[in-house]
Amino acid sequence: MKEKKDKGKEKVQYPAAELVQQACFDDYRRLIDTYDKIYEKVNISLAFCGIVLLVILGSVDYTYISAICRTQSSSDLFSLIVRFSCSVISAICIVWAVVQLLLLMRSKALSVFDSTAVRNDEIYRWDSDAAAVWLIDKYTIVVENLRSTIADKQKKYDSAVTKVIIALLLYSIFLIVEKGK
């Protein structure tokens, strides 16, 4: 009877562990590439924002405040208020976006797969399925952390891009009103 119980408690086999391990590695590589691409997008956005910032800040004219006080015509008053508001809000949005993008450039500790852990002599004594399961565990721990970091950075990047779009739209309104006066 004891032999039957021992036979029932066979070692768990993971016949597809090596295949799953490769899929985990591919997912890990894809996430690392995505993380790197966020930095590339931030660099390009910063360069663009630098140019836009100079243009928008050049359009902010504080003499509109005194002109608003002296204006008698309601249409001129409206035009001045719109131009002043659009230029100031546009400048605030673009500066805010630049600050957000600069903060995104800071790197924080990123959890990555520790390939030196594979150089453990004990792992080499394991069968290939057990070693693959060990690798799957290590990859999934790192991938979970990477996903949350990437999602956070992408959310902040999207927020900065939204501010740039708002700044450009407000600057466009400023130009339209400026040319129509």
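**Exercise 1. Overall make-up**

*Solution.* 

Step 1. The structure is a predicted model, in which local features need pLDDT of at least 70, side-chain atom pairs count only at pLDDT 80 or more, and totals for chains, interfaces and linings use all residues. Residues are numbered from 1 along each chain as its sequence is written, and side-chain values use heavy atoms, with hydrogens and water left out.

Step 2. The protein exposes about 12100 Å², and carbon and sulfur atoms supply 62% of that area. Accessible areas come from the Shrake-Rupley method with a 1.4 Å probe; for residues, only the protein chains shown count as cover.

Step 3. There are 6 helices and 0 strands. Helices (H or I, at least four residues) and strands (E, at least two) are DSSP runs, numbered from the N terminus.

Step 4. Of the 181 residues in the protein, 34% are buried. Buried means under 20% relative accessible area, exposed means over 50%, and partly exposed is in between (1.4 Å probe, protein chains only).

Step 5. Among contacts (heavy atoms within 4.5 Å) with a separation of 6 or more, 86% are between residues 24 or more positions apart.

**Exercise 2. Confidence**

Which helix has the lowest confidence, and which has the highest?

*Solution.* 

Step 1. The score is pLDDT, the predictor's confidence in each residue, from 0 to 100. Its mean for the protein is 81, and 80% of the residues reach 70 or more.

Step 2. Confidence is lowest in helix α1 (residues 2-8), with a mean of 46, and highest in α4, at 89.

**Exercise 3. The nonpolar core**

Which residues touch the most other members of the largest nonpolar core? Then place Cys49 and Leu101 in their surroundings.

*Solution.* 

Step 1. A nonpolar core is a set of buried Ala, Val, Leu, Ile, Met, Phe, Trp, Tyr and Cys residues joined through side-chain atoms within 4.5 Å. In soluble globular proteins, nonpolar side chains tend to be buried together.

Step 2. The largest core has 42 residues, and those touching the most other members are Tyr28, Val42, Cys49, Ile56, Ile94, Leu101 and Leu146. The elements that give two or more residues to this core are α2, α3 (63-70), α4 and α6. Helix α6 gives the most, with 15 residues.

Step 3. Cys49 lies in helix α2 and is buried, with a relative accessible area of 1%. Neighbours within four places in sequence aside, Cys49 is in contact with Ile94, Val98, Leu101 and Val164. The C-alpha atoms of Cys49 and Val98 are 6.5 Å apart, although 49 residues separate the two along the chain.

Step 4. With the neighbours within four places again left aside, Leu101 is in contact with Val42, Ser45, Leu46, Cys49, Tyr157 and Ala160.

**Exercise 4. Salt bridges**

How many salt bridges does a search of the whole structure find? Work through three of them.

*Solution.* 

Step 1. The search finds 5. A salt bridge is a side-chain nitrogen of Lys or Arg within 4 Å of a carboxyl oxygen of Asp or Glu.

Step 2. Arg30 pairs with Asp27, their closest N and O atoms being 2.6 Å apart. The two are 3 residues apart in helix α2 (residues 17-59), which means about one helical turn separates them. Arg30 is partly exposed at 43% relative accessibility, whereas Asp27 is buried at 17%.

Step 3. Arg83 pairs with Glu178 at 3.2 Å between the closest N and O atoms. Arg83 lies in helix α4 and Glu178 in helix α6 (residues 128-180), so the pair ties together parts that are 95 residues apart in sequence. Arg83 is buried, at 5%, and Glu178 is partly exposed, at 22%.

Step 4. Asp152 and Lys156 form a salt bridge with an N to O distance of 3.4 Å. Both lie in helix α6, 4 residues apart, about one turn of the helix. Salt bridges that share partners also join Asp27, Arg30 and Arg147 into one network.

**Exercise 5. A surface patch**

Which helix gives the most to the nonpolar patch?

*Solution.* 

Step 1. Patches are made of residues with over 30% relative accessible area and no salt bridge; like charges are joined within 9 Å, and nonpolar side chains (Val, Leu, Ile, Met, Phe, Trp, Tyr) within 5 Å.

Step 2. The nonpolar patch on the surface consists of Leu57, Val95, Val99 and Leu103, with about 310 Å² of accessible area together.

Step 3. Helix α4 (residues 74-105) gives the most, with 3 residues. Val95 lies in this helix and is partly exposed, with a relative accessible area of 37%.
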